[in-house]
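Welcome, and please open your viewer. We will go from stop to stop, selecting one piece at a time.

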Amino acid sequence: MDIGAGLIGAAAALLLVAYVARPLGRRSADPDAQIEAWVASVRQLDESVAPPEPKAPTETVIVSSQEPEGTSPSFCHRCGRSVKPHHRFCPHCGQDLAET
Amino acid sequence: MLGDLGAIFAALALLATLYGSGAAYVSIRRDDRRWWESARNALIGAAVLLGLALLVLVAAFLTHDFAVRYVVLHASRAMPAYLKVSAVWAGQEGSLLVWTFFQASFTALAISLPSQRARPLVPWTTVVLGVIGAFFLGITLFLSNPFVQLSHAPLDGQGMNPLLRHPGMVFHPPAMFVGYVGLSIPFAFALAALIAHREVRWTQAVRTWTLIAWIGLSLGLFLGMRWAYDVLGWGGYWGWDPVENAGLLPWFTTTALLHSAVMRDEGRGFEIWNYVLVALSFVLVLFGTFATRSGVIQSVHAFAESNLGGWFLGAIGVSLAVSLGLIFRHRAELSARAMSDRLFSRDGLFFLTLVVLCTLTVSVFVGSVLPTITDLLTAQRFDAGPDWFDRVTGPQFGALLLLMGICPLLGRSTSVFRRVKRWGWLVGLGAGSAVVAALLAGLTKPAVLVAFALTGIAGTTALVEIGDGVARRMRRTQSPVLNVLWELLRLQRRRYGGYLVHLGVVLMAVGVIGTRFYPFERNVVLTPGEPHEVAGYTLVTDPLSQEIVRDALTTSATVTVYRDGDYLSTLVPRVNRYEGYQQLYTVPALRPALSEDLYLLLAGWSGDGTEVTFKVVVNVLVNFLWLGGLVFFAGGAVALWPREMQAPWNAIAAVTVGLLLVASGWSMWGASHGMVRRSTGRPMVGHTAPDFRLTTLDGKTAALTDLQGRIVVLNFWAPWCPSCKDDLPVLQQLWEDYRDRGVVFVGAAYDTEVGAARESIATHGLTFPVGLDTGNQLADAYGITGVPETFVIDAAGHIAVVHIGPLPEGQLKMQLERLLEAE
């Protein structure tokens with residue numbers, strides 16, 4: 001075995017182990033829980049700060065792909081993709097949804 | 001040094017992959033995201049390490065590190081650099097290393113950047129892909145290691161198999177690997193969905209990967225066809241060889257998968273189909289590798305037999321058992337949504353399409369394994385030849401064309417036949433015009449007319465779909481045609497990309513029909529200088545020439561092609577013989593035209609060079625095949641085009657893929673195929689000699705029109721040409737003998753200057769008129785391919801004799817006598 005190759009290999013192995021082990025060093029299993037814990041601790045530090053007024057939903061909500069809870073998606077009968085109840089034309093293929 | 005380094009990188013990659021698979025499993029068991037992130041890092045690390053290992057192997061080739069056994073076996077110092085790079089995948093060990101690199105990179109990309117929908121599937125996908133990656137890496141490292149070193153490095157390597165010395169070989173294998181490896185990604189996601197999240201629409205989640213794999217596979221097969229056409233020297237592009245079939249089998253099932261996924265996405269069931277097809281595609285990739293690497297199935301591909309067969313057989317068994325077992329366990333859930341039971345509906349015909357694609361798969365599979373199985377079980381071996389495959393698959397391809405023609409027209413819900421009624425006449429017209437076109441072109445076999453009708457139906461339907469979509473949108477948006485077309489291609493990539501692919505397939509079908517139904521192949525023996533009629537062409541060959549280029553002895557023939565006495569082109573087919581290889585590398589010469597390719601191969605020659613054998617192949621309509629490919633991949637590109645070009649990665653990827661496509665196209669079609677185009681060719685014997693007007697060195701003018709009624713000997717020579725030195729004294733002697741009998745000698749000094757010409761004239765004591773052929777005008781008019789060449793023009797101004805190369809002893813004298821007698 002060549003010494004140089006061995007040294008380069010050892011360095012690569014060290015880098016690999018460090019990279020692989022990094023996520024395991026984090027304290028909490030769930031990053032979301034950790035963020036919530038941070039937020040809670042910040043709130044406790046300053047109780048006097050009131051939570052900001054929730055903003056009114058903007059136009060973008062209409063075109064976002066997030067389904068509102070509870071409404072069942074309907075489908076365009078031409079292209080078969082999901083459309084919202086308030087759509088008059090299919091946003092994917094342009095089919096007039098009032099047609100049938 | 002390089003060998004050690006590569007082996008270390010590969011070994012570390014194997015450890016990382018194994019760890020990644022295990023850590024992903026731990027993350028599922030403990031429901032702990034940290035373990036999955038660690039697994040992801042390990043798999044990214046494995047991809048980087050394998051990339052480094054691959055670079056090390058490339059470096060070993062470029063620096064001629066002949067301590068590495070694989071380099072010795074596949075390269076030599078004389079090879080050009082681009083061939084040294086493609087030598088990396090010239091053998092099994094290197095191919096497997098490239099495979100593992102692709103596997104690791106695709107894995108890292110698929111699990112790091114999953115689509116929104118695919119997120120829940122990622123942990124199990126990581127486990128499965130880790131296992132697959134580790135399998136291939138283990139095989140590479142322990143059974144087929146490219147980094148094995150020799151104790152004593154030889155001074156030079158053995159060089160590359162001549163058949164692989166084609167610039168296109170840089171692109172064909174990687175494209176196949178993209179297809180093969182790409183298929184493991186949807187397979188892994190499907191398994192993950194089966195194991196834990198059957199509610200997830202995995203076909204939509206991995207659509208991009210399925211498309212990438214399918215396009216890679218298509219491109220690999222297509223480039224392979226062109227390579228076969230160019231190199232293997234049998235004049236065809238598809239020989240139903242087991243290795244070709246091994247690539248075609250997963251292509252059938254993946255094509256079926258793309259279609260069943262459309263049905264699933266439209267909410268029409270087909271869930272079980274998706275799972276079965278993705279599992280079949282992956283298993284068929286393994287089968288292809290098994291078939292070609294185990295030596296079980298005989299093939300023209302020059303892969304060495306190896307001991308990997310058993311391992312791949314085991315992998316096939318495990319993959320089949322796991323995937324089919326899971327599908328069987330959840331069968332009730334998966335078939336919950338029944339398909340429509342009407343045959344003439346969108347569902348019904350899609351179902352038929354899948355069935356035909358599956359029977360095609362089975363047919364080709366049976367044909368590929370039949371020789372082996374009959375050999376094992378019975379005394380008599382049954383060899384399924386190309387005819388068998390053509391007969392069995394031909395009607396099925398026809399059925400596919402018909403389905404392509406009907407299916408898109410059927411309505412999606414209620415009024416199934418509304419659009420068929422509306423457009424039926426146009427489709428019928430399309431079919432009729434295709435038949436009429438075939439009849440006008442002289443293609444009259446009944447089966448061919450049926451086939452053309454089918455292409456007409458399928459082609460018109462694809463055009464109607466595109467045209468109808470454009471017309472409707474134009475009515476709505478009032479924008480110009482091109483804008484609308486562009487918008488449609490942009491907004492509904494998959495739909496209109498799909499129709500473009502259909503159009504491409506139809507064009508390719510035209511090429512296949514022409515070549516399969518009207519094969520023309522003949523061996524002809526030509527004597528240099530004498531015209532030979534074959535397939536409507538007249539061929540005249542010059543004497544053979546041989547030269548040594550790098551490590552090969554090149555023998556080439558220059559053949560002038562005429563049709564009805566008119567010059568068409570000059571073709572130069574070659575044969576290269578490489579040092580140390582028995583196999584010859586033939587470079588065919590092609591004269592392409594839309595109606596047919598004239599394909600010329602140098603097949604052999606007699607020892608004294610007086611007889612040269614050519615294989616003449618005429619491939620009717622073959623260029624429709626290549627044109628169809630262009631449309632096919634344009635459609636594929638449309639379907640794959642990223643939605644968001646703003647994202648820099650998408651733009652970079654698109655540009656890279658585009659450049660690679662252009663480069664691969666150039667490597668296969670751009671390189672010259674031995675055809676020389678000139679405005680004129682050498683006039684044939686019996687035809688009118690081109691007029692000339694030459695100013696001789698003593699200031700007079702020699703013009704053919706002034707010499708009417710006299711026999712003219714026109715000799716092209718040059719002071720730098722050795723064989724001209726032998727000819728000039730002979731010509732001088734003949735000039736002295738015949739000048740009194742009305743024969744005129746004219747010398748045309750080719751590609752030289754006055755001083756050198758005068759010196760030569762003085763040395764040889766020439767007294768017949770010699771002129772300088774300025775700008776090679778005269779040489780071009782007479783289409784000469786070298787010096788010396790001698791033309792004898794009779795009293796009526798027709799070419800009587802053509803001598804290419806040195807004058808044979810005494811022959812010109814005899815010919816002059818005969819001409820004078822005839823007067």
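**Getting your bearings**

Chain B comes in three parts: domain 1 (1-182), domain 2 (520-621) and domain 3 (693-822), with bounds taken from an automatic or database domain assignment. This is a predicted model, in which local features need pLDDT of at least 70 and side-chain atom pairs count only at pLDDT 80 or more, while totals for chains, interfaces and linings use all residues. Residues are numbered from 1 along each chain as its sequence is written, chains are lettered from A and ligands numbered from 1 in the order in which they are written, and side-chain values use heavy atoms, leaving out hydrogens and water.

**Stop 1: a sheet of four strands**

Select β1, β12, β11 and β10 of chain B, which form an open sheet in the order β1-β12-β11-β10 with antiparallel pairing. At its edges stand β1 (520-526) and β10 (589-591) of chain B; each has a single partner strand, so one side of each is left without a neighbour in the sheet. From one strand to the next, the twist averages 25°. Strands here are DSSP runs (E, at least two residues), as helices are (H or I, at least four residues), numbered from the N terminus. Two strands pair if DSSP finds at least two bridges between them.

Now pick β11 (residues 596-605) and β12 (residues 612-620) of chain B: nine bridges link them in the antiparallel sense. Click L598(B) and look for its bridge partner in β12(B), V618(B).

**Stop 2: another sheet**

Next, select β4, β5, β8 and β9 of chain B, an open antiparallel sheet in the order β4-β5-β8-β9. β4(B) and β5 (residues 552-556) of chain B run antiparallel and are joined by five bridges. Opposite V549(B) you will find A552(B) in β5(B).

**Stop 3: strand β16**

Move on to β16 (residues 711-717) of chain B.

With β19 (residues 789-793) of chain B, β16(B) runs antiparallel over five bridges, and L714(B) has F791(B) as its bridge partner.

Methods:
Axes fitted to C-alpha atoms, helices over the stretch in contact; angles between N-to-C directions.
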